[in-house]
Amino acid sequence: MAQMADAPRVDAVLLQFQQTVDSYRNFLASPPDASALGLAIDDFNAERISLLTREISQRSTQFHLSFLGDAKFDDCAPFANLLAKDLLNLVSLSLIPATSPAFCKAFRRQFRDGVEAILEATSSLAAAYLKARKAKSPASAAPQTGKVWQACKQYAALPLLNQLAAQAGIARWLPLIKDTTQELQELLDQPQPGGSGDDGDDEDDEDWDDEPLSADERRAIPGCITLLKCSYNMLRKLNTLLGSTALTPRHKDTDVVEWLDGVFDAVEALSREVDDFGSSCHAPQTFALLESNARAVRSSNEALQQLVVDGLQRFAGGIDEDSKVFLALLRDKLAESMQQILAASPTEPATERDLSSLKLQ
């Protein structure tokens with residue numbers, strides 16, 4: 001009888017905990033200034049982060065164990081409250097990088113995403129137990145505890161230097177370029193309708209999700225692939241330089257942050273242009289759009305390279321000669337890929353507007 005009487009109260013604990021965690025996530029969406037909470041930049045340090053994430057991990061296990069078997073309200077409620085308190089402390093701590101001008105955009109983004117991942121995992125933990133209790137199999141929610149631990153581990157491992165955070169911000173876009181390159185290679189490998197690679201078997205065609213490229217459309221793809229490979233190698237090299245070059249301490253932190261924010265914005269712009277460029281390579285192509293997007297990708301590559309190299313020259317005394325040679329070769333390869341794309345332009349008949357613009361000699 002006591003167990004049945006406790007069941008609604010235990011479910012209420014889970015629901016209240018989930019709502020509390022969700023309120024923290026809403027709070028992070030429009031955070032107040034950390035100084036209003038009495039927090040200083042020095043409070044955001046590796047020791048405190050490690051302590052908090054370890055407490056949250058351990059508390060999530062206690063939370064999990066309290067809901068196993070014949071869960072009792074008096075056992076569950078204290079652990080739910082303690083876990084909620086630890087999460088609130090983490091959210092408060094995360095307001096420091098979220099609102100302080102001493103941290104670059106990449107730094108703020110990584111810790112915002114990190115605390116969001118922890119909140120998502122703990123909210124899902126409560127939801128999993130609500131579902132499991134209805135199914136009368138609370139042990140089935142156990143894997144969600146591991147996700148909390150993993151999110152805490154990743155948060156504690158985030159770099160605490162602006163420069164390294166910017167490097168990680170660049171690295172997160174490398175898979176996008178690689179995947180887009182692979183996507184175009186698959187387009188190129190796709191058999192052409194009625195061609196030697198097409199045996200007329202419709203069942204084989206189901207393996208391809210995209211409309212096949214025409215012969216004219218295929219001509220531009222090798223140059224597009226080369227352009228993306230250059231972009232990937234360029235970004236990877238700049239990422240390496242940013243992470244391996246020591247910045248001199250004589251410069252104002254605000255100047256370094258401004259430069260790193262510029263790098264962050266440039267990388268995000270390049271990622272958007274790569275995405276648009278990849279989409280414009282699919283059938284049916286509009287070559288003018290493909291060309292425009294290709295030029296945007298090349299221009300963003302060169303602008304990003306100049307921004308990083310100029311910043312390292314200003315804040316770290318420059319880059320080594322081998323890196324200069326490598327980047328110069330990549331610039332040449334970018335130009336070659338653009339010429340290859342332009343050479344694939346389909347021959348189009350002159351329009352009436354084109355003819356009217358001609359002058360008799």
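How many aromatic pairs does the structure hold? The structure holds eight aromatic pairs.

## Ground rules

This is a predicted model, in which local features need pLDDT of at least 70 and side-chain atom pairs count only at pLDDT 80 or more, while totals for chains, interfaces and linings use all residues. Residues are numbered from 1 along each chain as its sequence is written, and side-chain values use heavy atoms, with hydrogens and water left out.

## Aromatic rings

Rings of Phe, Tyr and Trp (its six-membered ring) pair if their centres lie within 6.5 Å; planes under 30 degrees apart count as stacked, over 60 as edge-to-face and the rest as tilted. One of the pairs joins Trp-259 and Phe-315. This pair is tilted, with 5.3 Å from centre to centre and 40 degrees between the planes.

Trp-259 sits in helix H11 (residues 253–280) and Phe-315 in helix H12 (residues 287–316), so their pair ties together parts that are 56 residues apart in sequence. Helices here are DSSP runs (H or I, at least four residues), numbered from the N terminus. Buried means under 20% relative accessible area, exposed over 50% and partly exposed in between (1.4 Å probe, protein chains only).

## A cluster and a proline

Phe-44, Phe-103, Phe-107, Phe-111 and Tyr-155 form one aromatic cluster. Pro-97 touches Phe-44, Phe-103, Phe-107 and Phe-111, and also Arg-108, leaving aside residues up to four places away in sequence. Contact means heavy atoms within 4.5 Å.

Pro-97 belongs to helix H3 (residues 73–99). Pro-97 is buried, with a relative accessible area of 1%. From Pro-97 to Arg-109 is 12 residues in sequence and 8.9 Å in space, C-alpha to C-alpha.

## Charges over rings

A charge sits over a ring if NZ of Lys or CZ of Arg is within 6 Å of the ring centre and within 35 degrees of the ring normal. Arg-9 lies over the face of Phe-73, 3.9 Å from the ring centre. The charged end of Arg-172 sits over the ring of Trp-173, at 5.0 Å from its centre.

## Cysteines

How many disulfides does a search of the whole structure find? The search finds zero. Cys-281 is in no disulfide, and the nearest cysteine sulfur, that of Cys-224, is 3.7 Å away. A disulfide is a pair of cysteine sulfur atoms within 2.5 Å. Cys-281 is buried, at 0% relative accessibility. Cys-104 is buried at 0% relative accessibility.

Technical notes. Helices (H or I, at least four residues) and strands (E, at least two) are DSSP runs, numbered from the N terminus.
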